[in-house]
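Biologist: Can you walk me through this one? Keep it simple, please.

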Amino acid sequence: MNDDQADTIARPILETKSRFSVIWLLPFIAFIIGMGMVYHQWQNRGIEIVLVFENAEGLEAKKTKVKFRNVDIGTLKSIRFSEDGANVDAVVEIDHDMQRFLQADSQFWVVRPRIGSSGVSGFGTLLSGAYITVEPGKSPYSAERFVGLETPPISSPTDAGIKLNLLSSGGKSLQEGNPVIYRGFEVGAIETVEFDVESRRVSYGIFIRAPFDSLITTNTHFWNSGGFSVTANSAGLTVDFASLESFISGGVQFDIPEDLELGQAVVESRNFTLYPNKNAITEDRTYEYLEYVILVEDSVGGLEIDAPVEYRGIRIGRVHRPYLGFHQTNLISPDENRIAVVIHVEPKRITQNDDYSKEWFDEQFRGWIKTGLAASLVTANYITGALKVSLDMTNDAVEEIEYFGNYTVIPSAKSGFASILEKTDQLLSKLNNLPLDELAQSTNQAILSANTAMISANDTVLATQSVLESVDATLAEARRSLEGLQTDSPIYQKLENNLDELERTLNMMQPFLQEIRRKPNSLIFSDSPPPDEQPKGKNP
Amino acid sequence: MHAEESKVSATSQQKQIVYAKGTAASHGIANCHVCNQLAVSSLSYCPRCKGRLHVRYANSIQQTLAFIVTAMLLYIPANAYPIMTTTLLGDAAPSTIISGVILFIDHGSYFVAFVIFTASILIPIAKMLIILWLCYATSKNTRLSKLELTRLYRATEFIGKWSMIDIFVVAILVALVQVTGLMSIEPGLAARAFAMVVILTMIAAHQFDVRLIWDRQQQS
């Protein structure tokens, strides 16, 4: 027992020493941390997208940031040429939690310093360098390849508003970014400018911001407000331009013409006509029309397409074709010496009321033609020699309405040119008949008599002079007499006393005079005194 | 206390290591590595300073290897991450060690590029490889003599601390260049990793028991 105890106490505890040192924990921990970092990196790796730009101006791989509202959402990784070599592919890594900016309709563009008619933008990038910015779209699909815009977009897909197309065949061109103005208020801008080679027209894509998009209806008319217009009327000379910006670089204005109703709301991407100026709206608007023909015996030189057709100065239509082609009528022949001018009469120009339909007007026109409506070509502009068609009632009633092909013919009155010739002739003969010799003689006589009149007038002036002298003497005398009437002179004092006396006498006579005025017969009949007034009261 | 002493003596009895001729250990003498007092190796504590006596460091190779492996792991982020970020007018430009070297070469400062390259890349890699090789050389025959190996080790231990020059440069730049808003320099993650690499290689070199070279070389 004792031995056992001694043994247990004395025997050393043998331990095999671990072959591995605890220090191996250190590289193990380092490895774990390293793996953790790798995993974290892998987790947060960005989304790689490709932006296609026309050129890589200002872009720097690994430095240029992609920002949204000035918050970094990614970095440009590398720049390379696109496969066809025509563009530049910018490979961009977007942070993994910024997936929402990569909708299929998101727009990317490079922010660089820009100076335009609407001001200076991107000034900060002068120092910090260009950066790419994004305007997120609202498409439910995401994309990995985007075509970068060269200029900042006017509107983003998330902007509320309406996009419309304006078609213009006019000469004044507008640029992207030009304002769209409604009654002097900027409500939108031109987004795209495209020239359609096929239709030879310019198509402007415009964007109207909400809430102004509700101003656009089917009856809205757009016109180019670039430059300025000068109007001369009875109120004077008016120079008008929409805004300084649109004056310099052009712009678009719109409104609903006063004679039109509000119209219905329009859908996105509707096409509108862009008129070259505001007046062109009323002039060039397309109306429903009735087609007639005028057979003109004179020259139609100066009569152009769209020349006005007027009834006593009121515009009711336009010239559709100044003459019909040779295939439609035998233009040059001895048999037919009249040229067919096709006109459009547009009833809506003179009435907006739908009760008066086109057919109703056609019926009326036939009636009027029968009672003597006739057309003639008159000079619209004496400088350019432009002609217009003028309709008027004449006394030449027609029995049967003439037809020219399918067209109803409005009889032509004596043409303006012919009547002018006639009038000029009359004027000349009248001038010829004037008794110019007699006129000259009588004028001579008149001048002579005028001369004698002048001489006598001279005598009169002399006489007047002597009269004036005597007046002068009289005045001197009068001054002397008045000196005797000074306040301290005896005459004046006496006069004053007499006047005092007279006043007293008049005062005394006043009641008497009143009595006489009230009752003129009191001079003869004495008046009985009025009865004494009795106090009123109850009798005792 | 008593039990521990007997435990130590028991293990030393068990191992029965035969030290090479000419070494102090073969004569039963150990050098106190605190006060350099020569003492009988059977003692556990230095008779002068009471420091622990080791004939050879316990697990020297293992510990050295562990530190070197850690240093090597850390050397990866030290090169992959930016060592500092220069922000000039809001334009942040991170730069790694390699990109810094390339930048200086591009600018024609070949000397600076050479210094950075030597201090930050050449020396740490060389040091880690040499220590690894020394660990290997203690167990295997090599063409180099024990004296050459010892000189290599000393050179490594001496030159190792110069790698810190990079960390000092970064630290000084960060402290000096702080013009708020205009320009600033921030240390990157790599600076920390690199500092750890240098420190760990220094510890590894320190943990390596140079006396092991003499043991194994003599044995064969």
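**A barrel and an interface**

Modeller: Start with a strand pair. In chain A, strand β10 (residues 161-168) and strand β13 (residues 201-209) of chain A pair in the antiparallel sense over eight bridges. Strands are DSSP runs of E, at least two residues, numbered from the N terminus, and two strands pair if DSSP finds at least two bridges between them. This is a predicted model: local features need pLDDT of at least 70, side-chain atom pairs count only at pLDDT 80 or more, and totals for chains, interfaces and linings use all residues. Residues are numbered from 1 along each chain as its sequence is written, chains are lettered from A and ligands numbered from 1 in the order in which they are written, and side-chain values use heavy atoms, leaving out hydrogens and water.

Biologist: Which residue is the bridge partner of Leu164(A) in β13(A)?

Modeller: Ile206(A).

Biologist: And what does the barrel in chain A look like?

Modeller: The barrel is closed and has seven strands, in the order β10-β13-β12-β11-β17-β14-β18, with mixed pairing.

Biologist: New topic. How many residues does each chain bring to the contact?

Modeller: Chain B gives 19 residues and chain A gives 18. Contact means heavy atoms within 4.5 Å.

Biologist: How much area do chain B and chain A bury between them?

Modeller: About 1,700 Å², with 68% of it on carbon and sulfur atoms. Buried area is the accessible area (1.4 Å probe) that two parts lose on being put together, summed over both.

Biologist: How many salt bridges cross the interface of chain B and chain A?

Modeller: Zero, by the rule: a side-chain nitrogen of Lys or Arg within 4 Å of a carboxyl oxygen of Asp or Glu.

Terms used: Helix = DSSP H or I, 4+ residues; strand = E, 2+ residues; numbered from the N terminus.
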